[in-house]
Amino acid sequence: MAKPTLTVTDNRTGQSYELPIKDGTIRAIDLRQIKESPDDFGLMSYDPAFLNTASCRSKITFIDGERGILRYRGYPIEELSERSSFMEVAYLILNGELPTAAELAGFTHQVVHHTLVHENLKKLMDGFRYDSHPMAIFVSMVGALSTFYKSSANIFDVEKRRLQMIRLIAKVPTIAAWSYRHSVGNSYVYPRNDLSYAANFLHMFKHLPTMTYTVHPVLERALDVLFILHADHEQNASTSAMRGVGSSNVDPYSAMAGAAASLYGPLHGGANEAVLRMLTQIGTKENIGELIRRVKAGEGRLMGFGHRVYKSYDPRAKVIRDLAKQVFEVTGTNPLLDIALELERIALSDDYFVQRKLYPNVDFYSGLIYQAMGFPVDMFPVLFAIPRTVGWLAQWEEMILDSDTRIYRPRQIYEGPGLRHYVPVADRK
Ligand code: SDX
């Protein structure tokens, strides 16, 4: 049986070291024994953006980027999006097992009865300019929630911790809908206990005092599936932010404000907003060639394409593309869909994208559905944040309960000036 070790020779000293291999990794700290001289600090690994570094152990989500596989707690995303509901998937991600009927009813009841927010949050919301980006409002509101729940600091009290997690999952649709209502000068619509998670959000988003808004079942199901698809995605940038901020043992509201801020970026959750702006700017199929030329000349990126992990088609993009057809039968097709399909066809046959393994990701088609459902483009990252709240919280709880967890504190390669002494301003050149 081959030994699960790595033997490295330091050619500076001729000394060899045997490093244990476990789960396809070596522990970076094992490099510290490799020294050029006894008072040497020892070797570190240098891995900007953590391209090849496992930051944690996790049991929540499995991704195989080469084979386009995504599973929550072992269940394929294709089966969950076809047969499950977001509430059931949220329970699965948080607890590790699919719920029994009684467990699902109990979980849903808890979420449904925590959808209200403190009335003071309205005053906070009203303080924003009408044209504030709803994702900036969302980030602020999530952080502000910690001021209403002082017991949230007791993160190792399981009852108190789980209550905060339920509160966040329940309240993010309310905050999201109200951030939109504020931006268009409409009154806030209160959540309703008789509606599903997705229907309740649509209701708070669209209902007007002058008319009764009836949620269309196809749109309700489509949003529920989109929430399932966006619920978690292992150690992406925003989840890493959730874990990093949370590693200081801060409350989950403050940690999640950091995660939401990361998701806001155009390279991450802001990508579906950037895709719609890109497709709108293309305008017609005839202009696609010019965009492809500019991207290949390094003058920009094809938004909604590429992924750090998926080097094949993002499995979520496949489900969303099929879901789009069902939505468009109700809403009427989105004229940008033809441009998106043609752009995908051209890109997937172009060596530049094929060689770089750039395929459509989750954000390429999701924006087309959101727009057809009547959501404004700047609401798209907020629509991503609602379901990802479940993943952030599950990953955060796993992190604080992991015996390996310490406060995140990476090292660095210092390239600044050496020792030098203060010079009074009168003596400076
Ligand atoms: C999400 O991590 C997650 O799991 C995220 C997410 C989740 O569920 O949490 O899946 C959600 O964020 C999806 C990604 C949404 N972002 C976009 O669609 C923005 C456009 N995509 C890229 O910016 C990019 O692909 C990233 C950010 C997604 C990934 O970047 P990487 O892995 O750091 O890749 P890279 O920037 O090192 O690029 C590698 C090469 C480069 O070419 P060379 O310099 O080697 O010649 O590929 C090129 C890049 O220029 N490239 C692209 C490209 N993405 C990468 N070229 C054109 N268009 C693109 N979209």
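## A buried phenylalanine to start with

Let's begin at phenylalanine 227, which has a relative accessible area of 0% and so counts as buried. The model you are looking at is predicted. Phenylalanine 227 belongs to helix H8, which covers residues 217-229.

Who are the neighbours here? Setting aside residues within four places in sequence, phenylalanine 227 is in contact with Phe86, Tyr197, Ala198, Leu383, Ile386 and Pro387. Take alanine 198 from that list: 29 residues separate it from phenylalanine 227 along the sequence, yet their C-alpha atoms are 8.2 Å apart in space.

## The overall picture

Stepping back, the protein contains 17 helices and five strands. Its C-alpha trace spans about 80 × 70 × 55 Å along the principal axes. A compact globule of 429 residues would have a radius of gyration near 22 Å, and the 24 Å of this protein agrees with that.

Of the 429 residues, 47% count as buried. The protein exposes about 21600 Å², with carbon and sulfur atoms supplying 54% of that area. Among contacts with a separation of 6 or more, 70% are between residues 24 or more positions apart.

In soluble globular proteins, nonpolar side chains tend to be buried together. Here, the largest nonpolar core has 122 residues, and the members that touch the most others are Tyr72, Phe138, Phe201, Leu223, Leu279, Leu302 and Leu343. Helix H17, residues 380-400, gives the most to this core, contributing 13 residues.

Apart from neighbours within four places in sequence, leucine 343 is in contact with Met278, Leu279, Ile282, Ile288, Leu291, Ile292, Leu302 and Phe364.

## An enclosed helix

Helix H2 runs over residues 86-95, and eight of its 10 residues are buried, so this helix is largely enclosed by the rest of the structure. The buried ones are Phe86, Met87, Val89, Ala90, Tyr91, Leu92, Ile93 and Leu94. After H2 comes glycine 96, with a positive phi near 90 degrees.

## Rings and charges

Aromatic rings also pair up in this model, with a count of 17 aromatic pairs. In one of them, the rings of tyrosine 370 and phenylalanine 375 have centres 6.1 Å apart and planes at 80 degrees; the pair is edge-to-face because an angle over 60 degrees counts that way. Tyrosine 370 and phenylalanine 375 are both buried. They also belong to a cluster, linked by ring pairs, of Tyr180, Phe201, Phe205, Tyr370, Phe375 and Phe380.

Lysine 206 lies over the face of phenylalanine 375, at 5.8 Å from the ring centre. Elsewhere, the charged end of arginine 32 sits over the ring of phenylalanine 41, 3.7 Å from the centre of that ring.

## A buried serine in a loop

For a last stop, visit serine 152, in the loop between helix H5 (134-145) and helix H6 (158-183). Not counting residues up to four places away in sequence, serine 152 touches Ser146, Gln164, Asp251, Pro252 and Tyr253.

Note on methods: Residues numbered from 1 in each chain as written. Heavy atoms only, no water. Phe/Tyr/Trp six-rings, centres within 6.5 Å; stacked < 30°, edge-to-face > 60°. Buried < 20%, exposed > 50% of the residue type's maximum accessible area, 1.4 Å probe, protein only. Lys NZ or Arg CZ within 6 Å of the ring centre and 35° of its normal. Helix = DSSP H or I, 4+ residues; strand = E, 2+ residues; numbered from the N terminus. Rg over C-alpha atoms; globule rule 2.2 N^0.38 Å. Contact = heavy atoms within 4.5 Å. Areas by Shrake-Rupley, 256 points an atom, 1.4 Å probe, with all protein chains shown as cover. Core = buried A, V, L, I, M, F, W, Y, C linked by side-chain atoms within 4.5 Å.
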